[in-house]
Amino acid sequence: MMLENQSFNFALALYIFSLVGYLCFFTLRKEKYAVYGSMLVKFGFLFHTLSLATRAVEASRLPLSNQYEFANSFAWGIAFSFIAFEWRYKLKLLGSFVLPLLLLVAFYAAMQSKEIMPLMPALQSKWIVVHVSTAVFSYGAFAIACGVSIMYIIRDRLREDRFINKHLPNLRVLDIISYRAIALGFIMLTVVIVSGAIWAERAWGRYWQWDPKETWSFITWIIYAIYLHVRLTKGWKDKKAAWFAVLGFVSIIFTYIGVNTLLVGYHSYAIFLGFRWV
Amino acid sequence: MQEDMSFKNLISLFRSMRFGLTLLGILGVLAVIGSTIPQGQSEAFYRMNYSEGRVRLIMALGFNNIYTSLYFKSLFMALCINLTLCSILRFKDILKKANGLSYSKEEEKIESLSIKGIEKPDAFIKEKFNSWGYGQIKTRQEGQRTVFYSKRLSIGYFGSWLIHLGLLIVIIAYSYGQYSNFSAAVYGIPGAVEEIGDTGLSAAIRDFRIEFGAGETINQYYTELELLDQEGIPVASGLLYVNNPFRYKGYSFYQTATGWAAGIKAFKGNAAIGDQLLYEGTTYIDEAEGIALQFNKLYPDYINTSSGMSTVSQLPNNPKILYSIFYQGSRVDMNVVSPGEIINWQEYQFALDNINRYTYLQVNKMPGKAAALSGALLIMVGLYFAFYLKPRHVVAVVEGHSLSFYGHAAVRGKNVFNSVNTGLGG
């Protein structure tokens, strides 16, 4: 538990310093800060992985089962996707836009109870691994798309800025990167919804019952489906599509945090109608 | 003629991507409303929780039952029409695209050279195609020109079509399932036999037990179930628990909930007037006497704290029953008692005893599950095709002494930003 906590805190601190590095790069416009930022986020990712691995060993299961564990894994998914996309597309400024999202989720995780509890009966299913781990990568990919889309909007607004022109790819490339992240996230989200439906059928008897979590996954799926279609329409491929990608991530955050905390449904595991639902 | 045109316009509206996206958008907005307003509650519930104006709006627009409302179903039906037209009418074009050859001389030009010095142009072209990773080469004659071409991953063209088809199957299968769904509940303590709706089957609960884990947390709920036919002959039996339903001839039995039950004995003076099983939250009613006793709650390991009654654990170490007595419709008494303790109210006596956990099983039969799963799989396969199997081709055109190459020559993955997949093109 101590190793897990310390690793998580180290990871959090390194992510914060990394963000500082990227923001310095963005504001002071010196490339060396981006190098520091990139290095720090990778070290942070190592500690983050160690923290999750330690918890997996301690709990004797994958850490995907409660608010803390999923938020922690969600943040890890964003970090993993960020490192992969930064390496693949050499986007030095990406950190300035994705790390705030990563830290938002990581801080949310830090606020949750870290106690390791035995799995409640409804969560004792092999489908939890497919359902939640694909959600981690899906949400991670969508976070990247959101960050890249914000870069797109900034690039579009500051067309004459020399620093932006040097360090941000052109609009078409940003649009394609965002599209690719969303394509990956969309496939994963579809797997999340389908695996969730199969699991719900086994646990609750119905594969779809408009539970708020299901409903918001459906809403998010619709938003990204519309995004993928409107990109093909003239006049929508550019800034409007970028805003759509940002809206999609807002929906992701609400699906994850808002639904669990504000709406009552099976995913909030409430006591229902006097029975203790199992 | 004019009628023909209107029909064509109507078809073209119904099959259009814009129409489909508009429907999806409206469904999304309705889903947001449905997720924020509790569904399926009584008007009194909304009156308690919302202002008068909002209640009027909710009830008038059917926002209390959005997902079963006529307009919600109509929107899905319209989406089905859109998907059907889109799938049927596009299939021929997709097939043509997959089998034919279409290339842009302006956008896809790779290089042009003279074949004057090339001894065997066919072999040269083959070698070139192979170096780009293309195998099978086809040829065709276009007037004076000879066209050599090779294609890869043409199956990718079917991606979006498969997604639309899959979505259509899922919606139809789900709608059919909802329409023909059978649902019932069976509950009782071990030994109870309950009829399952009008299925002709009865469920005999042979055993119900709870497995506790570390720190008295509940690890699992188990019900041993036996199904009996109309003559009471066992036809199937099995153990079911959460995430492991018991299935029989399309019926599925789910471990859904649990609670406490107690036997109640009622007396007036020394005469017994009632003896039955009472479930937590239910009420024993003697209409002739005008008296009723409600079994409000059982605290298995009772403790009275400054914040009220509570239970230390889920184990029945110190059980106490919270009850209410009603006489002629008014509550006249409310207290906690131990099991077996006599409750006296005027000339009536009650005893709640033999506390037991009961099991609550959901039974349903929902046709179309396999079809819905097939549709979902088609969507996933379609998404993979659409996003990751990008159809590619190379074309060599020989015209006189000139040889020109067109198409996608770069090694896969190297020309990252030169092309974008067609995605979900509707």
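1. Conventions. This is a predicted model, in which local features need pLDDT of at least 70, side-chain atom pairs count only at pLDDT 80 or more, and totals for chains, interfaces and linings use all residues. Residues are numbered from 1 along each chain as its sequence is written, chains are lettered from A and ligands numbered from 1 in the order in which they are written, and side-chain values use heavy atoms, with hydrogens and water left out.

2. Confidence. The model scores ipTM 0.87 and pTM 0.86. Helix H1 (residues 2–15) of chain B has the lowest confidence, with a mean of 80, whereas strand S8 (residues 234–241) of chain B has the highest, at 96. Over residues 411–426 of chain B, pLDDT stays under 50, and the model has 51 contacts for this stretch beyond four places in sequence, a contact being heavy atoms within 4.5 Å.

3. Overall form. Chain B has eight helices and 21 strands; helices (H or I, at least four residues) and strands (E, at least two) are DSSP runs, numbered from the N terminus. The radius of gyration of chain B is 35 Å, while a compact globule of 426 residues would have one near 22 Å; the radius is taken over C-alpha atoms, and the globule rule is 2.2 Å times the number of residues to the power 0.38. Taken along the principal axes, the C-alpha atoms of chain B fill a box of roughly 120 × 55 × 55 Å.

4. Burial and surface. Of the 426 residues of chain B, 44% count as buried, where buried means under 20% relative accessible area, exposed over 50%, and partly exposed in between (1.4 Å probe, protein chains only). Chain B exposes about 22,100 Å², of which carbon and sulfur atoms supply 54%; these areas come from the Shrake-Rupley method with a 1.4 Å probe, and for residues only the protein chains shown count as cover. Among contacts in chain B between residues at least 6 apart in sequence, 57% join residues at least 24 apart.

5. The sheet that includes S8. Four strands of chain B form an open sheet in the order S5-S6-S7-S8, with antiparallel pairing, and two strands pair if DSSP finds at least two bridges between them. Its edge strands, each pairing on one side only, are strand S5 (193–195) and S8 of chain B. Strand S7 (residues 218–228) of chain B is joined to S8(B) by seven bridges, and Glu226(B) has Ser237(B) as its bridge partner in S8(B).

6. A further sheet. Another open sheet of four strands in chain B has the order S12-S13-S16-S17, again with antiparallel pairing, and strand S12 (283–286) and strand S17 (330–337) of chain B are its edge strands. Strand S13 (residues 291–299) and strand S16 (residues 320–327) of chain B pair over eight bridges, with Tyr323(B) in S16(B) as the bridge partner of Phe295(B).

7. One residue. Why does Leu27(B) count as buried? Leu27(B), which lies in helix H2 (residues 17–36) of chain B, counts as buried because its relative accessibility is 0%. Not counting residues up to four places away in sequence, Leu27(B) touches Phe218(A), Ile222(A), Phe72(B), Leu75(B), Phe76(B) and Leu79(B).

Terms used. pLDDT is the predictor's confidence in each residue, from 0 to 100.
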